[in-house]
Amino acid sequence: MSGSLPDAADLIDLKRYPIATPGSEAGRNLVTRCRATIDRDGILILDDFATARAVAAMVDEARTVEDQAWFCVHRHTVYQTDGKEAAPEGAPRTRLVTSDKGNVAMDRIPRDGPLRTLFDWRPLHRFLAAVLGLPELHPYDDPLAGLMINVNRTGEQLGWHFDNAEFAVTLMLQPPRAGGAFRYLPNVRTGDVAEDAAVLAVLDGDETGLIDLAPPAGTLVVFRGRDSLHCVAPVTGPRSRLVGVLSYAREPGQRMDVASQMLFHGRVA
Ligand SMILES: [Fe+2]
């Protein structure tokens with residue numbers, strides 16, 4: 001990066017990922033490939049998306065604000081409910097798992113820093129919309145949840161769940177030294193008995209069909225998390241897992257509700 005403020009175009013390996021020139025042949029080919037991948041697999045993994053220099057700057061930034069994360073321990077079902085609804089004993093809707101993590105809110109992340117610059121970059125919004133087959137995407141209009149840094153310290157994890165949002169965009173900043181794999185069972189949400197059976201098998205420890213992902217720093221992941229059961233295994237090494245979470249929506253003005261802000265950030269903004 002040149003100068004003190006980052007230029008978004010310097011944060012990404014644009015030779016490999018020509019997202020700033022979507023009308024070029026290379027740009028069109030990239031979108032076609034990426035769209036086919038996520039439609040088939042439910043996930044798109046772009047290795048070395050951020051340059052090594054950008055990642056180094058983002059990790060410096062993340063470590064500076066890591067202590068400002070709000071840590072919470074949350075017990076939930078795979079559907080992110082409290083498990084109290086009427087359902088047969090042992091049904092997936094009654095089975096609780098644990099998520100313990102920290103969230104650094106967007107208003108704690110420097111506005112002129114590299115991660116926020118990437119989050120706000122319109123060519124990235126247009127690229128992601130094209131890959132997801134959407135007319136456009138807008139950053140969440142939420143001072144806490146638009147951009148976050150997820151922190152999992154030693155022993156912390158994300159329990160098995162389906163996302164509420166239809167897709168998630170994350171950038172690996174600092175992988176843990178050990179543990180902390182992202183695990184998923186793709187495209188399992190069918191809404192019928194096959195889904196219940198698959199969820200129960202995973203909750204009971206069956207690893208059939210599970211895919212483990214331990215992306216290196218700089219990997220951008222686009223994931224249809226509403227359809228695929230997923231978790232982050234406990235971090236076992238001494239180093240925190242730090243992930244940038246970039247939240248976008250089809251419509252402008254998307255916000256967290258007050259209860260979610262309190263749960264994930266410990267305050268309302
Ligand atoms: Fe998730």
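Here is a short chat about what the labels on this predicted model rest on.

User: Before we start, what kind of model is this, and what does it take for a feature to count?

Analyst: It's a predicted model, where local features need pLDDT of at least 70 and side-chain atom pairs count only at pLDDT 80 or more, while totals for chains, interfaces and linings use all residues. Residues are numbered from 1 along each chain as its sequence is written, and side-chain values use heavy atoms, with hydrogens and water left out.

User: Why is H161 called buried?

Analyst: Buried means under 20% relative accessible area, exposed over 50%, and partly exposed in between (1.4 Å probe, protein chains only). H161 has 9% relative accessibility, so it counts as buried. D163 comes in at 13%, so it is buried too.

User: What makes those two residues iron donors?

Analyst: Donors are N, O and S atoms within 2.8 Å of the metal (3.2 Å for Na, K and Ca); water is not among the atoms, so sites may look incomplete. The protein donors here are H161 (NE2), D163 (OD) and H230 (NE2), at 2.0 to 2.2 Å from the iron ion. Along the chain they follow the spacing H-x1-D-x66-H.

User: How do you know that β5 is a covered strand?

Analyst: Strands (E, at least two residues) and helices (H or I, at least four) are DSSP runs, numbered from the N terminus. β5 spans residues 147-152, and six of its six residues are buried. That goes for both faces: L147, I149 and V151 sit on one side, with M148, N150 and N152 on the other.

User: What makes β5 and β12 a pair?

Analyst: Two strands pair if DSSP finds at least two bridges between them. β5 and β12 (residues 241-246) have six, in the antiparallel sense, and R241 is the bridge partner of N152. β3 (residues 97-104) pairs with β5 over three antiparallel bridges, with N103 opposite N150. β7 (residues 168-174) also pairs with β12, antiparallel over five bridges, and there Q174 stands opposite L242.

User: Which sheet do these strands build, and which strands are its edges?

Analyst: An open, antiparallel sheet of seven strands, in the order β1-β10-β7-β12-β5-β3-β2. The edges are β1 (43-46) and β2 (70-76), each pairing on one side only. From one strand to the next, the twist averages 25°.

User: Which helix packs on that sheet at β1, and at what angle?

Analyst: α1 (residues 25-41) touches β1 and β10 (220-223), at about 135° to the direction of β1. Contact means heavy atoms within 4.5 Å; axes are lines fitted to C-alpha atoms, for helices over the stretch in contact, and angles run from 0 to 180 degrees between N-to-C directions. α2 (residues 52-65) lies across β3, β5, β7 and β12, at about 90° to β7.

User: Why are β6 and β9 called edges of the four-stranded sheet?

Analyst: That open antiparallel sheet runs β6-β11-β8-β9. β6 (158-161) and β9 (211-213) each have a single partner strand, so one side of each lacks a neighbour in the sheet. The twist there averages 15° from strand to strand. β8 (residues 182-185) is joined to β9 by three antiparallel bridges, with Y184 opposite I211.
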